[in-house]
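Here is a short briefing on one protein model and its ligand. Keep the sequence and the 3D view open as you read.

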Amino acid sequence: MCGIIGIENNENASILASLGLVTLQHRGEESAGITISGKGKMKTFTAMGLVSEFFNEDILLNKLPGTAAIGHVRYTTSAKSSLINAQPFQMSCIHGNIAVAHNGNITNFPKLKQELLKKGAIFNHTSDTEILLHLIAMSKGSLANIVATSLCKLEGAFSLVILKDKTIVGARDEYGFRPLVLGKVDSSYIIASESAAVEVIGGTYVRDVKPGEVVVIENGQIKKSFLYKQPKKQNTCIFEQVYFSRPDSIMFGKTVEAARVKMGQFLARQMRDIKADIVMPVPDSGYFAALGFARASNIPFENGFIKNHYVGRSFIKPSQSLRDLTTKLKLRPIKELVAGKEIILIDDSIVRGTTSRELINLLKNCDVKKIHFAISCPPIVGPCYYGIDTPNKEYLIAANNSVEEIRKYLGVESLTFLSLENLVKACSYEGKKDNLFCKSCFTGKYITKFQRMGLSKKLNV
Ligand code: AMP
């Protein structure tokens, strides 16, 4: 998964882009990058790690001056996690200097790459995004034309920001798999993965970039906006609202927080026969669903787990015993709160099942009476090929085991998944039952063609 941002017509373009990227940091922690232009030569600065670790005053003010910028935070889904694949990708071609930042997965990338290699193309990166640079370089016409012609050749998921001179372009694939919004701050336009990034830098959310749309922005004006391809059926990732997006971002007419509270309310309805002493979330991802559950069921909400926000990705775990300690370091139950209680524990999703099992064991060590585990989405039975890093089918616990088998493996009294119907209701526009979502990870059915993978792994319970 990745986060992208673009801002134009602004003397503080690189600073605002970096603040926007910090807001989108949850979408990718492996690398960060900013490209700036509009004053002198186009420049790109990329680094491995968090935005705040690298984008200091010296880099932003002295090394990245300009009035238009695009930025990217990366979480690897399709290629190696290394500096060479850190975006934005900047290139020099017949059209001048152009930079691209991409969120999604181009599913016909292997085929397009083979075709280009046969024609003698040279690839510097191993990521799918590079294909777009080649297509742009080989297209003819205005910036809008070369982008539209190139996008017509791509399949799969792509939300993009593109930079050339003082112009930024935003574009979204015809299904709208990944989010992309348009915002405004003073006389500058912003394009970002999520509305929270627009608002944090003082802007207001204007609208979503439509599936299949290209928006060309220059000098504080939308110069052109058109559909490069007639959108098919909107198919926006529903897992964005379950887990990935920030709770304060707006999606489908409401905050993600409101959708998650609704998921919890629906879960409470599904579990109305279960009585318990407290409802508690797995922090932070289960928080709003647990709140919705508690409000709907009148069972008291308690924060029974304390999360340590300082446990970094690179925490050294040289041995199994130290690895076991890190789970406790990340999340620790308050024994005095949970001991002797019948608990409804709420998390957003079960992927491999390893995190849930560890957490449940931590609770059991605190002498809880019973645990009812509730998940605010349906069982994940298929990997994501559209930009979310889910493992192959082989490792998806629900792809290979029944709910009852998972319940036994986790060692809980009951296990309830939110039904797909209720999830769609919780995420749709208010009062509508729109079917605008990609639900592939819950159905195993995919809207575009690609190579399927996946073995089977039965649990040993
Ligand atoms: P596990 O079942 O052990 O694989 O972990 C599942 C937990 O990881 C969920 O409760 C989510 O909070 C979180 N999660 C879900 N999807 C992802 C993802 N694509 N990348 C990172 N974490 C995720």
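Predicted model: local features only at pLDDT ≥ 70, side-chain atom pairs only at ≥ 80, totals over all residues.

The protein has 17 helices and 23 strands. A ligand sits among 15 surrounding residues.

**Overall fold**

- The C-alpha atoms fill a box of roughly 70 × 50 × 45 Å along the principal axes.
- The radius of gyration is 23 Å. A compact globule of 461 residues would have a value near 23 Å, so the two agree.
- Of the 461 residues, 55% count as buried.

**Ligand site**

- Which residues come closest to the ligand? They are Asp348, Ser349, Arg352, Gly353 and Thr355, out of a shell of 15.
- By class, this shell holds six nonpolar, five polar and four charged residues.
- Thr355 places a polar side-chain atom 2.5 Å from an oxygen atom of the ligand.
- Gly353 uses its backbone: a polar atom there is 2.7 Å from a ligand oxygen.
- Ser285 has a side-chain N or O atom 3.3 Å from an oxygen atom of the ligand.
- On its own, the ligand has 500 Å² of accessible area, and the protein covers 84% of that.
- Two elements give two or more residues to the shell: helix H8 (239-244) and helix H13 (354-364).

- Strand E8 spans residues 167-172 and is mostly covered. Six of its six residues are buried.
- In a regular strand, side chains alternate between the two faces of the sheet.
- In E8, Thr167, Val169 and Ala171 point one way. Ile168, Gly170 and Arg172 point the other way. Residues on both sides are buried, Arg172 included.
- Strand E7 (residues 159-164) runs antiparallel to E8, and six bridges join them. Leu160 stands opposite Ala171 of E8 in this pair.
- Two residues lie between the strands in the E7 and E8 hairpin. Asp165 in this hairpin takes a positive phi near 50 degrees.
- Strand E12 (residues 213-218) also runs antiparallel to E8, with four bridges between them. Here Gly170 stands opposite Val215 of E12.

**Cis peptide bonds**

- Gln87 and Pro88 are joined by a cis peptide bond, with omega about 5 degrees. Pro88 belongs to the loop between strand E4 (68-74) and strand E5 (89-93).
- The bond from Pro283 to Asp284 is cis as well, with omega near -10 degrees. Asp284 is in the loop between strand E17 (278-281) and helix H10 (287-297).

- Asn9 is not a glycine, yet its phi is positive, near 55 degrees. The loop that holds Asn9 runs between strand E1 (2-7) and helix H1 (13-23).
- Asp367 has a positive phi of about 60 degrees, and it is not a glycine either. Its loop lies between H13 and strand E21 (370-375).
- Asp367 counts as partly exposed because its relative accessibility is 49%.

**Around helix H1**

- Ser18 is in helix H1. Its relative accessible area is 5%, so Ser18 is buried.
- The side chain of Ser18 reaches the backbone oxygen of Ile15 at 2.7 Å.
- Pro65 is in the loop between helix H3 (57-63) and E4. With a relative accessible area of 32%, Pro65 is partly exposed.
- Pro65 and Ala13 are 52 residues apart along the chain, but their C-alpha atoms are separated by 8.0 Å.

Terms used:
Residues numbered from 1 in each chain as written. Heavy atoms only, no water. Near = heavy atom within 4 Å. Polar contact = N/O pair within 3.5 Å; in protein donor to acceptor, adjacent residues only side chain to side chain. Areas by Shrake-Rupley, 256 points an atom, 1.4 Å probe, with all protein chains shown as cover. Nonpolar A, V, L, I, M, F, W, Y, C, P; charged D, E, K, R; others polar. Buried < 20%, exposed > 50% of the residue type's maximum accessible area, 1.4 Å probe, protein only. Pairing = 2+ DSSP bridges. Rg over C-alpha atoms; globule rule 2.2 N^0.38 Å.
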